[in-house]
Amino acid sequence: MKISNRTSSRGGRRTSAAVALGAVLALTATACGDDGSGAGGDKGADGSGKGKIVFWDNNGGVRTESWKEIITEFEKANPDIEVDYVGIASTEYQSKVDTALQGGGLPDVGGVGAAMLAGFAAQGALEPLDERLGSSSLNGKLNKDMVESLKAAGGGDDKLYSIPTSANNGVLYYRTDLFQKAGLEAPTTWDRFYEAAKKLTNTGKNEFGYTIRGGAGSIAQALDAMYGQSGITSFWDSSGEKTTVNDPKNVAALEKYAALYKKVTPAADLNNDFTKMVAQWDSGTIGMLNHNLGSYQDHVKALGVEKFRGIPQPVGSSGKRVQVSNPVDGLGLFKSGKNKDAAWKFIEFATSRAENSKFNEAAGQVPSNTDAAKDAWISKAEPTKLAADALSDGSTTIVQLPYYLPDWNTISKADNEPNFQKVLLGKMSAKEFLDTMAEQLNAAQEEWDQQNG
């Protein structure tokens, strides 16, 4: 095993709003050529099934140790295959792949989550995996909803370009010790959430009720809070052509949520991505944090299980929970790869029961392998168990984000993260922010309809 760490730092057009567990959770991986020269559009080759393959981890640093263990076990079981691991920080991954698509140097296998899947597939960079899965021991062993979610995110040709590895649902973490001291009930409703955020704040003592994500990755979290409060259950209106993001109920919800900044949150939140936000929560006296299952083990190490809980998002005034979807992550093959058979063996191994269970136990996420999902550790990891229960007991409605749109990643990141910071600073209204995003989304949907209608 060769290790190279670089951690500086759609099927159906839209699925139903109410979906089962697998369609809303998340993890990582994707593929390339064994000579490191692959570029987007190259046909590649199946190869001999032996030799070296290159694996790009799209969450390098955070999951590096887990992948090292899997790679070591894989090379023991397959002594004629060597895996060259490259860990790339999640914030740098898409730009790294986009550069390689144009200039060459793609890997054999790597991380491709649903949020970036459509863009890669549209450039012809990924190998369809339906036939390989159909003749594999994995066939029938993967969560069907996760598979369908990745198909839907692929761009509309009903092909599978990534094998799901796990699901990573959104969670509201809260400090049970601070809540108990303040005489507060668990933040299971939005009213209790806002009450706790206010009561736990004492800026003079550097104590805050909440930490809000204002840096990279802020849009999905803001949308989650927005739809959760408004109770709107579809990303598109009844016509299917206009987004609901700028519905008046969503505008009001975002105004209330954004107003938390600097009143009950640290000022540093303006630029915090998930790593800074999680580290700040783990080391400080902040009452609540919205993140996903992936940070659970970090909180356990920092606080111990007795000082915090991770629960599903609060329910709205109707008593129902509404959440936006988190992208399913998985492992795929880049079409330019010269050793696809060996790379496929790696994917099969990594998503087998034992390895998939081990990986997701370390990450605190829901396994894609249905046998692994039955393992005992899940019932012991409370946030994972509660997330799974909430998504299977009928209490939760999922608003599916339009990952199938090639422009989704640009709209939800580069185009609007700076604007959301302006909202937090009071330099842009929530309505102007959401109207701008709606205009971009409607145009992207119209273009998609024209190309796929």
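This is a predicted model: local features need pLDDT of at least 70, side-chain atom pairs count only at pLDDT 80 or more; totals for chains, interfaces and linings use all residues.
User: Which quantities describe two packed helices?

Analyst: The general idea is that a packed pair is described by the angle between the two axes together with the distance between those axes. In this structure, helix 1, which covers residues 64-77, packs with helix 13, residues 353-363, at an angle of about 165°, and their axes lie 10 Å apart.

User: Are helix 1 and helix 13 roughly parallel or roughly antiparallel to each other?

Analyst: Angles over 145 degrees count as roughly antiparallel, and helix 1 and helix 13 are therefore roughly antiparallel to each other.

User: Which residues in helix 1 meet which residues in helix 13?

Analyst: From helix 1 come Ser 66, Trp 67, Glu 69, Ile 70 and Glu 73, and they meet Glu 355, Lys 358, Phe 359 and Ala 362 in helix 13. By class, the residues of this contact divide into four nonpolar, one polar and four charged.

User: At what angle do the axes of helix 9 and helix 18 cross?

Analyst: The axes of helix 9, residues 248-258, and helix 18, residues 430-452, cross at roughly 130° and come within 9 Å. That angle makes helix 9 oblique to helix 18, and the crossing of the two is right-handed. In the contact itself, Asn 250, Val 251, Leu 254 and Glu 255 of helix 9 meet Ala 430, Lys 431, Phe 433 and Leu 434 of helix 18, a set with five nonpolar, one polar and two charged residues.

User: What is the volume of the largest pocket, and which residues are the closest to its centre?

Analyst: The largest pocket has a volume of about 1,200 Å³. It is lined by 50 residues, of which Ser 90, Arg 213, Gly 217, Pro 327 and Lys 413 are the closest to its centre.

User: Which helices and strands supply at least two residues of the lining of the largest pocket?

Analyst: Contributions at that level come from helix 2 (90-103), helix 3 (114-122), helix 8 (218-230) and helix 16 (408-412), and also from strand 7 (170-175) and strand 9 (286-292). Sorted by class, the lining of the largest pocket holds 18 nonpolar, 25 polar and seven charged residues.

How values were computed. Residues are numbered from 1 along each chain as its sequence is written. Side-chain values use heavy atoms; hydrogens and water are left out. Axes are lines fitted to C-alpha atoms, for helices over the stretch in contact, and angles run from 0 to 180 degrees between N-to-C directions. Helices (H or I, at least four residues) and strands (E, at least two) are DSSP runs, numbered from the N terminus. Angles under 35 degrees count as roughly parallel, over 145 as roughly antiparallel, 65 to 115 as roughly perpendicular and the rest as oblique. Contact means heavy atoms within 4.5 Å. Ala, Val, Leu, Ile, Met, Phe, Trp, Tyr, Cys and Pro count as nonpolar, Asp, Glu, Lys and Arg as charged, and the others, Gly among them, as polar. On a 1 Å grid over the protein atoms alone, a cavity is a set of points where a 1.4 Å probe fits but cannot get out, and a pocket is an open set with protein on both sides within 12 Å along at least five of seven lines; lining residues have an atom within 4 Å of a point. Grid points are joined across faces, edges and corners, and a volume is the space filled by probe spheres set on the points. A crossing is left-handed if the near helix is turned anticlockwise from the far one by less than a right angle, and right-handed if clockwise.
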